[in-house]
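I opened my notebook for a friendly look around this one. Here is the entry as I wrote it.

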Amino acid sequence: MTERTPSRGWRAALSSAADWIEKPIEALIRACGWSSIVLVAAIFCFVFWYAAPLLPHIDWFGTDGFFTSTHWHAKEREGATYGVLAMIVGNFAVALVAMVIAIPCGLAAAVYISEFAGPRSKEWFKVGIEILAAIPSIVWGFIAITMIGPLLIKYAGATMGTNLLNGGIVLGLMSIPLIVSLAEDSLRAVPDSFREAAMALGANRWEIVYRVLFPAARSGLLAACMLGVGRAIGETMAVLLATGNKNQIPTSLTDPITTLTATIASEMGDAEAGSPHSQSLFTIGLLLLVITCAINLTANLVIRGNKRASSN
Amino acid sequence: MSSANPFIPSSYELNKEKRARRAKWSTLTVTVALLIPVALILTLIALKAWPALSWDYLTGDVSRSGAAGGIWGPLMGTFYLTLLCLAIVAPIGILAGVYIHEYAPDNAFTRAIMIAVTSLAGVPSIVHALFGLGAFVATLGMPKGLLTAAMTLSVMTLPVIITSTREALSSVPKNFREACWNLGASRWQTIRTIVLPNSFGGILTGVILVIARAAGETAPIMFMGAVMWLRIAPAGPERLMPYGLNDEFMALSNHLNLISKDIPGMPEQMKFGSALVLLTLILFINGLASLVRLRLRRRKRW
């Protein structure tokens, strides 16, 4: 053991204080690092906990069943039924319409921005896409009601401006920035040596894109599309305003529909805390949580699988 | 054997060039076609909001359910909500990013944390609202109000700030850290004196993006005490700080949500006015983030 010389002066005192404080700070950092895992667990637990009292009483697959009927009468005190089939169908229908718009447009824009655009125009397009991403969902809902709705009534023969198609268009526009940025990331992650090798074999830009980059970035592009779907399914405010809020299974593009998210948003305000109505909305929340987490985890696995495959 | 000039491109080569040109132009068309409607929509909102915009509109009280008056109350609500949210989420998120990038060992638990961060980012905003109601209001017994709404928003924006902090930290070269360690500095000293100062701009960008996100979000706050109308003191310090931590509040996003439904006798420019103010606010904050990033790239020394 050597004897330490006593430290003198405020500077030394400060630095020894900084050393002493290191342990608690590291503990704090560790605690913050674990926060996200704690929060995800907490979200599952709390949403489950407040749905739980109702779960044993729900008829899941019967005539008025949760997954098999469209009879949503959760407010009734006697003989309430909890059928969310129309909302599930509506949710997936509106996400499907959105993806039909967003996936081709998003991938095309990603290809242009990452492979064809010059360095200057690339920056401008990126700014444009960022603006698209920055518009809040409530403003999209507002745009759907005030601008897209009247256009649909005039040109698509819709009787109501807010319907499946309107929701799909708005959700598509909202998902595009996410798809573009993720797809562009995965295209950029393809090593330049791939491009150079293809160019040396006489391939031109487009052949590089669809013969080399698409196969090489396949799983990244797939994950981008899946995360776009996840976003479209979880979106609330825009869908609430744009889809017309009618609990029915759509038969045409211009039918008003409702979704799981919109139902929670429009009914939670009236639901008494702890009532079966509120518990049924928490049950819908649980279902949404399971669907979106499944999509996100799958997308993650797809990306991870690709990383492992390319590192071998 | 033809005696033609071998350097003239064959029809196969011509075709392939044509296809490449076509691909380039069609992807360009799609990209532009995405941005033009957005530009149109933004101009249209600005044009229709024009008659409503004035200083009195920004600083006036909401009256007749938003059909008259101004948006002072909602503006202040959004301001304090965002400020509170930032005060909660910025320290936690930045430290979490530091943990994941600087401390976490490469093991299964760290991968679980990463998966948790992406899962948290994928949780629908309305489920965050349910979580806030269940955890903060029903379980902890806190009143619905500014603080619980800000806490709910914080949970929602946490992954944004973690991800951007991680990216900012990973842009600091490894050999900066190694040089510092070689001088005998501990891990925390290295982070405090080398890593954080060098990634400051990137972290700031993330913080600014969280502001934009929190200011625009509606679903998590609509059941957490955001209301249509509250009386606000006409003058004095209470006009600048109209809400206490546990008070109900108005917020711009929720205001737009409530008045954009069909209310008879609602003048069009009032709706477009609040939409434009919200949009301008958020695009301005986003522009700020881009500016910080741009300056950063220019000043980068390595």
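My notes on chain B, the interface, a helix pair and one arginine follow.

**Ground rules.** I am working with a predicted model, where local features need pLDDT of at least 70 and side-chain atom pairs count only at pLDDT 80 or more, while totals for chains, interfaces and linings use all residues. Residues are numbered from 1 along each chain as its sequence is written, and chains are lettered from A and ligands numbered from 1 in the order in which they are written.

**Chain B overall.** I looked up the secondary structure and found 12 helices and two strands, taken as DSSP runs numbered from the N terminus (helices H or I, at least four residues; strands E, at least two). Along the sequence I read α-α-β-β-α-α-α-α-α-α-α-α-α-α. Along the principal axes, the C-alpha atoms of chain B fill a box of roughly 90 × 60 × 35 Å.

**Where the chains touch.** I found 67 residues of chain A in contact with 65 residues of chain B (contact: C-beta atoms, placed from the backbone, within 7 Å). On the chain A side, helix α1 (residues 9-51) gives the largest share, 20 residues. By class, that side has 46 nonpolar, 15 polar and six charged residues. Here Ala, Val, Leu, Ile, Met, Phe, Trp, Tyr, Cys and Pro count as nonpolar, Asp, Glu, Lys and Arg as charged, and the others, Gly among them, as polar.

**A helix pair in chain A.** Next I checked α4(A) (residues 137-155) against α5(A) (residues 164-188): they pack at about 135°, with axes 10 Å apart. Axes are lines fitted to C-alpha atoms, for helices over the stretch in contact, and angles run from 0 to 180 degrees between N-to-C directions. Residues that meet include Trp140(A) and Ile148(A) from α4(A), and Leu165(A) and Met174(A) from α5(A).

**Arg205(A).** This residue lies in helix α7 (residues 205-216) of chain A. Beyond its neighbours within four places in sequence, Arg205(A) is in contact with Glu115(A), Phe116(A), Ala20(B) and Lys24(B).

Note on methods
Two residues are in contact if their C-beta atoms, placed from the backbone, lie within 7 Å.
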